[in-house]
Amino acid sequence: MTKWVYSFGDGKAEGESAMRNLLGGKGANLAEMCNLGLPVPPGFTITTEVCTAYYDNGKTYPAELKDAVKAALDKVGAITGRTFGDASKPLLVSVRSGARASMPGMMDTVLNLGLNDQTVEALAKDANDERFAYDSYRRFITMYSNVVLNVEHHAFEEALEHYKEEKGFDLDTELAAADWKALIGTYKTIVKKEHGSDFPQGAEDQLWGAISAVFDSWMIPRAKKYRELNNIPESWGTAVNVQAMVFGNMGDTSATGVAFTRNPSTGESALYGEFLINAQGEDVVAGIRTPQDITEKARQEAGSDKPSMEKAMPESFAELTRIYGILEKHYRDMQDMEFTIENGKLWMLQTRNGKRTAKAALRIAVELAGEGLISKEEAIRRIEPGSLDQLLHPTIDPKAERKIIATGLPASPGAAVGEIVFNSEDAEAARKAERKCILVRVETSPEDIHGMHAAEGILTTRGGMTSHAAVVARGMGKPCVSGVGSIRIDYKAQTLTVGGVTLKAGDKLTIDGSTGQVIQGEVKMVEPELSGEFAALMEWADAARTMKVRTNADTPSDARAARNFGAEGIGLCRTEHMFFEGDRIVAVREMILSDDAEGRKAALAKIEPYQTDDFVELFTIMSGLPVTIRLLDPPLHEFLPHTDKDVTEFAHTVGVPEERVRARLKELDETNPMLGFRGCRLAIAYPEIAEMQARAILTAAAKAAKQTGKPVTPEIMVPLVFTKAEFDIVKARIDGEAKKLGNTVEYQVGTMIELPRAALRSAEIAESAEFFSYGTNDLTQTALGISRDDAGTFLGSYTKAGIIPSDPFVTIDRDGVGELVKISAERGRSVRKGIKLGICGEHGGDPASIAFCQEVALDYVSCSPFRVPIARLAAAQAALGEGGKNA
């Protein structure tokens, strides 16, 4: 027969901490604390399986549950010497939720259950304190009516405030027993009016009403939203914990509080928390009274004149200190504890692994390893790699007020504030004038690279997590919010409008790239700090991982930032971004307008010195580390001017008729540029482009090797091939230029696998290619038939419906794209043993995708500079295997 109820109390329990799936986190930990011999009020846990059965059977309970609950209540009564519902020696209980994953404040709680018009008198007599008894009863009516009977809490608050005003009271503590009695009559009237029936007096009716309310709260909107945000499955359900009441509101020798064994904000190893004398649990969080500090040190730092628990209740403080030491050593992690002191005796009501900031998580993990409580490997596993973003970028001050006007996709982490600009030229002008700005665009293109560089952050109304804006912003380490479809931009009027709010160029705007929030006005920021613990954890991670971590970097500043974050080379240098710098864009456009190879070569000759210098700088910064340089990839029309003003200006600069520029634009216009005239197709049609880039790369490698004294082995990458024949043609051009140069530098020529056919034909391509780099951004687009720039309009509904588990542009689609990578790797290795394999799409910085790369045994992942630490940690976790992320 299924066991639905597990008892605990009096130093023993039927459950233990390992049973959290069945008993929920709270129930499992209450059982564990009992087994450790700690003071825990007796009680029992109704399992998560009951929750499942409750919803599976039209909100009805298993037939045996009622008897099991009664038997468990009798056990609690035997331990406490009280009887549930008895008029002279009543047992009062709390009813609380407890899912297997912590969901603080998301579900419902009822305290003081079992009180009625008779038992309240017994409680008053037993405690010799009438005021305490009636205070507890009015609290119970308020809480039960709100949670179980759906009577709004404010109805009772208004009645209380009105009564206090009438009597001239300021604080709840000024009300005597007679006052609470009078208010209880008012409260009952409110219940009758709002609920339509009297407040229930039967203890058993109260209990089952509360149990059902807790199970019902599993499906209330805030709980559902929390589960959605924290990836908690609905199928887990919640347990219900019924526990004998202990009272913190029995006078000055009683109290209630919450404590952490370490500071959850900083990670400092010191007891941290708050308590209130003569109060119940909800008073600490309700803000009606100001809580007091637990330690004397914290009280002094806060400048509080209220006594600390250490001073006011030294014996209870000593007991709490003893218990927290036991719990932290037992659980080997920072604990979040709830306690109540009743007439000088301390009772533990809960312990759980405490929520913490990324900064605190890092310090706690490293210090616990230093104390020998956990291993270095477990410390590595405990840090969520994505949380390191909090440490690498400015963030919004958590205390700051936010006037959120829209929410989009959190495309690049960190926060930024500045004046609104609607084009890249204005962004550059603002930077020159030392004014911070946010670049606001419908969408960005490679032409906006200078504006994006100049801006503090980028906001787009179109595009997804891997749109141009998102990818480039992440590479630059700049915050970006993309796909804010609710915003309307009017470039002509220089305004953005959303929900009745209109902002114009020059108005202040704040964006939070970690949450996707768009905030009106200027919001206070917190600058990032990297601690010694960060360096220690990264050192341990590097020792544990087997994959290398490179960076995607196109500029010296990107390369330097990546090196500082521990990058072991460049996995993708996009040469097209270099073409937009300064005067070189004019030469690029001259090349595109040229009618013959000679004209193109003349224009390219102007660009070659720039390219060479760019590569020298990158090779020098990388100082002997591998650098993969992708040959020109985007379609040529992206480099041409598009507005009438820009066309006129360019035609005048180079001395050609405007009609010629417009005609070329028309010739190059494509219906689907992503699948058009780009990648290796450019190198085959216009070989002089690849030849110039090959010369620049090899010349730069020789110069950098001479300057640094370290050998440089460039990896030249041919993009968008789908046949060996294409690759061979381009490779022959590169090798030909090397021969002409009398090249002495070792180099490799490989390709980017970004088309399904290339993945399937990897064996024959590997006959010529010396390395593969998986361009999973485009491979995802071409394998799934989804445009990453337009996917934001429907991918949300796909993930919500369970069609796909997550955005395939954020986390690799293992079954489709992943299978292509796996096939390609196997076939490539079958022909060229030891072929170097890496990934350079945005997936290279995603922890779940990095785990997949480990499984396929790739040699390296490559990601944007600010994701390098995340990739280093994720690669270490992947090498160590799954498990143990507690932070």
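## Pairing of strand 7

In this predicted model, strand 7 and strand 8 (residues 272-277) are paired in the antiparallel sense through six bridges. Strand 7 is also joined by six bridges to strand 10 (residues 335-342), and these two strands likewise run antiparallel. Alanine 255 takes part in both pairings: its bridge partner in strand 8 is isoleucine 277, and its bridge partner in strand 10 is isoleucine 341.

Strand 7 spans residues 255-260, and five of its six residues are buried, so the strand is largely enclosed by the rest of the structure.

## Non-glycine residues with positive phi

Asparagine 278 is not a glycine, yet it has a positive phi of about 55°. This residue is placed in the loop between strand 8 and helix 10 (281-286). Its relative accessibility is 21%, so asparagine 278 counts as partly exposed; the buried class requires a value under 20%.

Leucine 720, also not a glycine, has a positive phi of about 60°. The loop that holds leucine 720 lies between strand 28 (714-718) and helix 28 (724-741). Leucine 720 counts as buried because its relative accessibility is 2%.

## Negative surface patch

A patch of negative charge on the surface is formed by Glu425, Asp426, Glu428, Glu581 and Glu649. Helix 17 (residues 424-432) supplies the largest share of this patch, with three residues.

Another member of the patch, Glu581, is located in the loop between strand 26 (570-574) and helix 22 (584-593). With a relative accessibility of 43%, glutamate 581 counts as partly exposed.

Terms used. Residues are numbered from 1 along each chain as its sequence is written. This is a predicted model: local features need pLDDT of at least 70, side-chain atom pairs count only at pLDDT 80 or more; totals for chains, interfaces and linings use all residues. Side-chain values use heavy atoms; hydrogens and water are left out. Buried means under 20% relative accessible area, exposed over 50%, partly exposed in between (1.4 Å probe, protein chains only). Helices (H or I, at least four residues) and strands (E, at least two) are DSSP runs, numbered from the N terminus. Two strands pair if DSSP finds at least two bridges between them. Patches are made of residues with over 30% relative accessible area and no salt bridge: like charges are joined within 9 Å, nonpolar side chains (Val, Leu, Ile, Met, Phe, Trp, Tyr) within 5 Å. Accessible areas come from the Shrake-Rupley method with a 1.4 Å probe; for residues, only the protein chains shown count as cover. A salt bridge is a side-chain nitrogen of Lys or Arg within 4 Å of a carboxyl oxygen of Asp or Glu. Lys and Arg count as positive and Asp and Glu as negative; His and the chain ends are not counted. The place of a charge is taken as NZ of Lys, CZ of Arg, CG of Asp or CD of Glu.
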